[in-house]
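Reader: I would like to learn how to read side-chain features in a model like this one. Could you walk me through them?

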Amino acid sequence: GDGTGAGASMAPAGEGHGSIRHQLTTGIFSSNPKFWESMSYLVFVAVFTWVVFNSQGEAAFMMVNDIFTALSSFEAITSIADWWTFHDKVFSAVVFPNTWYNGQDLDKQLLGNVNGKYALMGAVGLRQQRVKTDSCKIRDRFQSVTNLCLEDMSSSTEDRAPYGSPIGGSTLL
């Protein structure tokens with residue numbers, strides 16, 4: 001004997017039937033369609049994620065920030081008069097501007113752009129949803145601190161009663 005023992009392989013180390021290299025080249029890489037489908041899917045997800053998060057750059061953040069800043073006075077509305085003031089002076093001017101910051105008229109192709117920068121892809125809609133003021137109960141020990149408790153918005157807590165006085169014979173919901 002040559003000292004290798006009976007039935008021992010004469011192949012160089014790392015290239016026998018039991019080696020990892022042999023299993024990879026003749027096993028999962030060559031005859032496993034599920035492996036290739038999984039790898040293709042992972043590559044697709046990686047490319048898709050990269051495109052989605054890198055295609056907009058700072059534009060998406062800037063759009064949201066500009067609109068949020070312009071409409072920040074919305075939180076100060078406490079009455080119907082405040083709402084109409086906000087609607088006529090702030091909201092309409094932001095959503096449908098017709099002049100530049102310096103008072104010059106916008107070019108016709110820019111009319112209808114939100115905040116003078118972002119083209120609309122559909123109609124602007126505005127609706128109000130309110131939560132019933134009796135949607136939750138205030139514990140006795142907190143009644144001296146606050147008299148208002150509102151649940152999260154849901155179909156069961158939505159207040160559908162008319163809000164304010166009727167305008168033109170109809171009620172506002």
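Predicted model: local features only at pLDDT ≥ 70, side-chain atom pairs only at ≥ 80, totals over all residues.

Reader: Which residue does the side chain of Arg130 meet in a salt bridge?

Author: A salt bridge here is a side-chain nitrogen of Lys or Arg within 4 Å of a carboxyl oxygen of Asp or Glu. The partner of Arg130 is Asp159, at 3.9 Å from N to O. Arg130 lies in the segment after α4 (80-95) and Asp159 in the segment after α4, so the pair ties together parts that are 29 residues apart in sequence. Asp159 is partly exposed, at 23% relative accessibility.

Reader: How many salt bridges does the structure hold?

Author: It holds two. In the other one, the side chains of Arg160 and Glu158 meet at 4.0 Å, N to O. Arg160 is exposed, with a relative accessible area of 60%, whereas Glu158 is buried at 17%.

Reader: On to the rings. How many aromatic pairs does a search of the whole structure find?

Author: Rings of Phe, Tyr and Trp (its six-membered ring) pair if their centres lie within 6.5 Å; planes under 30 degrees apart count as stacked, over 60 as edge-to-face and the rest as tilted. The search finds five pairs. One of them is Phe44 with Phe48: the ring centres are 5.8 Å apart and the planes lie at 25 degrees, so this pair is stacked. Both residues sit in helix α2 (residues 33-54), four residues apart, about one turn of the helix. For Phe86 and Phe91, the centres are 6.4 Å apart and the planes at 40 degrees, so that pair is tilted.

Reader: Where is the disulfide, and which residues does it join?

Author: A disulfide is a covalent bond between the sulfur atoms of two cysteines. The cut-off used is a pair of cysteine sulfur atoms within 2.5 Å. Here the link joins Cys136 to Cys149, with S to S at 1.7 Å. Cys136 and Cys149 each lie in the segment after α4, so the pair ties together parts that are 13 residues apart in sequence. About the S-S bond the angle is -125 degrees, and the link is left-handed. Cys136 is buried at 14% relative accessibility, while Cys149 is partly exposed at 22%.

Reader: Which residues does Ser135 touch, not counting those up to four places away in sequence?

Author: Contact means heavy atoms within 4.5 Å. By that test Ser135 touches Cys149, Leu150, Glu151 and Thr157, not counting residues up to four places away in sequence. The side chain of Ser135 also reaches the backbone oxygen of Lys132 at 2.9 Å and the backbone nitrogen of Glu151 at 2.9 Å.

Methods: Residues numbered from 1 in each chain as written. Heavy atoms only, no water. Helix = DSSP H or I, 4+ residues; strand = E, 2+ residues; numbered from the N terminus. Buried < 20%, exposed > 50% of the residue type's maximum accessible area, 1.4 Å probe, protein only. Polar contact = N/O pair within 3.5 Å; in protein donor to acceptor, adjacent residues only side chain to side chain.
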